[in-house]
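Reader: I have a model open and some questions about it. Can we go through them one at a time?
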Amino acid sequence: MKTKNKICKWYPVCPIKYFVDHGKLDRKWVENYCLIGNKDCIRYKLEESGEYHPDNMLPNGEIKEELYY
Ligand code: SF4
């Protein structure tokens, strides 16, 4: 898989960034997805296809019930 070393375009508005910035989620998520523009991110794919996805869905598609704003 080719990955461009570029921050994901959704990063500034993505709930995953918010959760990491507020210490609710491990930094590894932004390091392994957002900050390297990893297009395997399920959130990214759903965003691109305009499909609904909850704020507490992780980049791997897992839902974290305990995550909230
Ligand atoms: S979680 Fe996915 S959609 Fe959100 S900023 Fe990170 S890579 Fe982009």
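Reader: To start, is E31 buried, partly exposed or exposed?
Author: E31 counts as partly exposed, at 41% relative accessibility. The classes are buried under 20% relative accessible area, exposed over 50% and partly exposed in between, with a 1.4 Å probe and protein chains only. On the ground rules, this is a predicted model, where local features need pLDDT of at least 70, side-chain atom pairs count only at pLDDT 80 or more, and totals for chains, interfaces and linings use all residues. Residues are numbered from 1 along each chain as its sequence is written, and side-chain values use heavy atoms, with hydrogens and water left out.

Reader: Which side chain does E31 meet in a salt bridge?
Author: The side chain of R27, at 3.4 Å from N to O. A salt bridge here is a side-chain nitrogen of Lys or Arg within 4 Å of a carboxyl oxygen of Asp or Glu. R27 counts as partly exposed, with 41% relative accessibility.

Reader: How many salt bridges are there in the whole structure?
Author: A search of the whole structure finds four. One of them joins K9 and E48, whose side chains meet at 3.1 Å, N to O.

Reader: What does the K9 and E48 pair tie together?
Author: Parts that are 39 residues apart in sequence, because K9 lies in the segment before α1 and E48 in helix α3. Helices are DSSP runs of H or I with at least four residues, strands are runs of E with at least two, and both are numbered from the N terminus.

Reader: What about D21, which residue does it form a salt bridge with?
Author: D21 pairs with K17, and the closest N and O atoms are 2.5 Å apart. Both D21 and K17 lie in helix α1, four residues apart, which is about one turn of the helix. D21 is partly exposed at 45% relative accessible area, and K17 is partly exposed at 22%.

Reader: Which residues lie nearest the centre of the largest pocket?
Author: C8, W10, C14, R43 and Y44, out of 16 lining residues. The elements giving two or more residues to that lining are α1 (15-21) and α3 (42-48). The largest share, three residues, comes from α3.

Reader: How does the lining divide by class?
Author: Into 12 nonpolar, two polar and two charged residues. Ala, Val, Leu, Ile, Met, Phe, Trp, Tyr, Cys and Pro count as nonpolar, Asp, Glu, Lys and Arg as charged, and the others, Gly among them, as polar.

Reader: Where does the ligand sit?
Author: In the largest pocket. To qualify, more than half of a molecule's atoms must lie within 2 Å of the grid points.

Reader: Which residues are around the ligand?
Author: C8, W10, Y11, C14, I16, Y33, C34, C41, R43, Y44 and P59. A residue is near a molecule if one of its heavy atoms lies within 4 Å of it. By class, the shell has 10 nonpolar, no polar and one charged residues.

Reader: Where is W10 placed?
Author: W10 is in the segment before α1. W10 is partly exposed, with a relative accessible area of 28%. W10 and P59 are 49 residues apart in sequence and 12 Å apart in space, C-alpha to C-alpha.

Key
1 Å grid on protein atoms, 1.4 Å probe; cavity = no way out; pocket = protein on both sides within 12 Å on 5 of 7 lines; lining within 4 Å.
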